[in-house]
Amino acid sequence: DEFQRAAGVDLRQDLLAALGGEVAFAVDGPVVPVPAWKLVLETYDSERLQRAIEALVKSANQELESRGQTLRMSISSQTIGGRRIYALATADGSFGISYTFVDGYWVIASQQPVLQRAIDDRASGLALVHSGQFEALWPKNSRRDVSAFVYSNLGPLMQSMQSAGSAAGLGADAKKTLGALASQSGPSLQWATGQPQSITMGGTGPS
């Protein structure tokens, strides 16, 4: 209660009530030097959510200032392709994310290009659930209305780490290990379905 009074934000009404039940997280792209990740959350009220974010940033800066700390966060925005894109970052550049609101979703990414690619992929219909690799991992005649799933394809990740390691002078044994992992790591899928009295789990992947 004390935090909510100081921040001017009702966590239940301004944050939780503005969010829906759908959440997706993905590492999609290079992992070095900066991991390319994206987080998508369903939202029922993007304007209320944005006001809450701004209030929380303002409160955080006031708290830091009261402690004599110089590190501050800021929110800036720009319009790209008719869409408002926000950037949340620290003054020293040690932390930063980009985010926007699209079709009832709050889309957050590690960098603005990653955010834009996520928006473009959705607009073009390029989605994981429509890919051949994803479809091949679902057993025939199985349910698709699962509560959650995790898809992974670590082969490209291992290859990226191997390339980065070569550029950084990684030892031969380490590069060999990464190469072996890359060749053995194929796509895999795990899922879970929640029922009133049970949770059913399953998965498929490389043999």
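Q: What makes two residues count as being in contact in this predicted model?
A: Contact means that heavy atoms lie within 4.5 Å, and the model to which this is applied here is a predicted one.

Q: Which residues does serine 59 touch, not counting residues up to four places away in sequence?
A: Once those sequence neighbours are set aside, serine 59 touches Ala6 and Ala7, and the place of serine 59 itself is in helix H3, which covers residues 46-66.

Q: Why is serine 59 called buried?
A: Buried means under 20% relative accessible area, and because serine 59 has a relative accessibility of 13%, it counts as buried.

Q: How far apart are the C-alpha atoms of alanine 60 and alanine 6?
A: These two C-alpha atoms are separated by 9.8 Å, although the residues stand 54 residues apart along the chain.

Q: Which members of the largest nonpolar core touch the most other members?
A: In this core of 17 residues, they are Leu49, Ile53, Tyr99, Phe101, Trp106 and Ile108. At least two residues of the core come from each of H3, strand S4 (83-90), strand S5 (96-102) and strand S6 (105-109), and H3 gives the most, with 5 residues.

Q: What is in contact with isoleucine 108, leaving aside its neighbours within four places in sequence?
A: The residues in contact with isoleucine 108 include Trp37, Leu39, Leu41, Ile97, Tyr99 and Leu115.

Note on methods: Residues are numbered from 1 along each chain as its sequence is written. This is a predicted model: local features need pLDDT of at least 70, side-chain atom pairs count only at pLDDT 80 or more; totals for chains, interfaces and linings use all residues. Side-chain values use heavy atoms; hydrogens and water are left out. Helices (H or I, at least four residues) and strands (E, at least two) are DSSP runs, numbered from the N terminus. Buried means under 20% relative accessible area, exposed over 50%, partly exposed in between (1.4 Å probe, protein chains only). A nonpolar core is a set of buried Ala, Val, Leu, Ile, Met, Phe, Trp, Tyr and Cys residues joined through side-chain atoms within 4.5 Å.
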